[in-house]
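Please walk me through this structure, in plain terms. I would like to follow its open space, its packing and its charged pairs in turn.

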Amino acid sequence: QHITCVSMSITAISSLLFVSVGLSTILLATAFDSHLRPFVGTQRSKKAINMSGATGFIGLGIMGEGMAGRLLSEGVAGTADKPLVVWNRTGSKCTALKEKFPDANIEIKDSAKAVVEACGVTYSILSTPEAAKAVFDAADGVLAGVGEGRSIVDCATLAEADMQRMNEAIVATGGRFLEAPVSGSKGPAATGTLIFLCAGNKALFDEVAAGLSAMGKASHFFGNEVGAGTRAKLVVNSLMGTMMAAFSEGLNLAESVGLDASKMVEVIGQGAVASPMYGLKGPKILAGDHAPNFPLKHSSKDMTLASAMAKKAGVDFTVNDQAETLFRKAKEDNELHVADEDFSAVYKLVQKESADSRKK
């Protein structure tokens, strides 16, 4: 009986130990679930957030430099968990941006592809259709980096067909596309007062609202059909070009008939034809200051695209066509060399042609 008792006691103790160990295991598992697993999950989530939180920027020229700077200064990008990832054809522009914002989290990549791969959303603004096509189609270019979860916002002024081609290629790889050409020049880019003329993916338009707000004073959505934003931009820029051509002829006429051109700029600014552009450019034109905010060669390009758009639509665009001819002649003039100067330098061609006419 004593042996039986001892045996039963040992069995009871073993059972208790087993229950105790089992209970400890359950308690440990519960503790892991309650405390450790959320911690591990948070670490993984943070990594994912860092990846999707990165913003890309391709093209740090006259416009892109100011736009990228606004994303940084407004805290939309460049923070610890939201790096700004950049690439430019001239690498020194990337270095200069990093030096200008030494405290910002800026990552420089060696290709456009690498930027797109690292970011959920990438902005791009390149100077010409040729440059945009080269960077987009290159083996290490934009398209090569696009896939599921990658979105491109293109802010350049291109032909409507260029935007549509990029959209189709990006969507085919699982990405999203928003055309967002900007109305404005170097100054508005630096001060965040651009106007975005957008079309394409509406969900993407809504998602990048903070970025567009940091870089601009207004954003307009013209619908899901890519190309509508470009059409709007060409209407705006063709009007701006014709206004500058007319203004140049008016100032030249005033001087030619013995009027004080500075006084005439003042008069124009007080009447119904007053324009912020006239008020800004008038004094600079008369002072011979044509430092590029919007290069003449780019204005010429936009007016040529607008003429082609009007012709395709069967619309008479005579005034713009005449101004487009004037800008093209100024761009190609081998004596003036104004292609890289501000578009206000078309005034120099107006003066030159007037002087030539008086000699005849």
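How does the lining of the largest pocket divide by class into nonpolar, polar and charged residues? The model shown is a predicted one, and in it the lining of this pocket has 22 nonpolar, 15 polar and ten charged residues. The lining comprises 47 residues, and those nearest the centre of the pocket are Met 63, Gly 184, Ser 185, Asn 293 and Phe 294. The space in the largest pocket comes to about 1,200 Å³.

Several elements give two or more residues to this lining: strands E7 (182–183) and E8, together with helices H11 (228–256), H13 (276–287) and H14 (296–313). Helix H11 supplies the largest share, namely six residues.

Across the whole structure, a search finds three cavities of 30 Å³ or more. The largest cavity holds about 40 Å³ of space. Around the largest cavity lie Ser 124, Leu 126, Ala 132, Phe 136, Val 142, Ile 152, Asp 154 and Met 166. Two elements give two or more residues to that lining, helix H5 (129–137) and strand E5 (151–154). By class, the lining of the largest cavity has six nonpolar residues, one polar and one charged.

The packing comes next. The largest nonpolar core contains 32 residues, and Phe 57, Met 67, Tyr 123 and Phe 196 have the most contacts inside it. Elements that each supply at least two residues of this core are helices H2 (64–73), H3 (92–100), H9 (202–207) and H10 (209–215), and strands E2 (84–87), E4 (121–124) and E8 (194–200). Helix H2 gives the most, with four residues.

Leaving aside residues up to four places away in sequence, Tyr 123 touches Thr 55, Gly 56, Phe 57, Ile 58, Leu 71, Val 153, Cys 155, Val 208, Gly 211, Leu 212 and Met 215.

Charged pairs complete the picture. The count of salt bridges comes to 16. In one of them, Arg 231 pairs with Glu 160, with the closest N and O atoms 2.5 Å apart. Because Arg 231 lies in helix H11 and Glu 160 in helix H7 (residues 160–172), this pair ties together parts that are 71 residues apart in sequence. Arg 231 is partly exposed, at a relative accessible area of 26%.

Arg 328 and Glu 324 form another salt bridge, with 3.0 Å between the closest N and O atoms. These two residues are four apart in helix H15 (residues 318–332), so about one helical turn separates them. Arg 328 is partly exposed, with a relative accessible area of 31%, whereas Glu 324 counts as buried at 7% relative accessibility.

In the salt bridge between Arg 70 and Glu 74, the closest N and O atoms are 3.6 Å apart. Here Arg 70 counts as buried, at 17% relative accessibility, while Glu 74 counts as partly exposed, at 44%. Finally, salt bridges link Lys 133, Asp 137 and Arg 165 in a network.

Terms used
Residues are numbered from 1 along each chain as its sequence is written. This is a predicted model: local features need pLDDT of at least 70, side-chain atom pairs count only at pLDDT 80 or more; totals for chains, interfaces and linings use all residues. Side-chain values use heavy atoms; hydrogens and water are left out. A nonpolar core is a set of buried Ala, Val, Leu, Ile, Met, Phe, Trp, Tyr and Cys residues joined through side-chain atoms within 4.5 Å. Buried means under 20% relative accessible area, exposed over 50%, partly exposed in between (1.4 Å probe, protein chains only). Contact means heavy atoms within 4.5 Å. On a 1 Å grid over the protein atoms alone, a cavity is a set of points where a 1.4 Å probe fits but cannot get out, and a pocket is an open set with protein on both sides within 12 Å along at least five of seven lines; lining residues have an atom within 4 Å of a point. Grid points are joined across faces, edges and corners, and a volume is the space filled by probe spheres set on the points. Ala, Val, Leu, Ile, Met, Phe, Trp, Tyr, Cys and Pro count as nonpolar, Asp, Glu, Lys and Arg as charged, and the others, Gly among them, as polar. A salt bridge is a side-chain nitrogen of Lys or Arg within 4 Å of a carboxyl oxygen of Asp or Glu.
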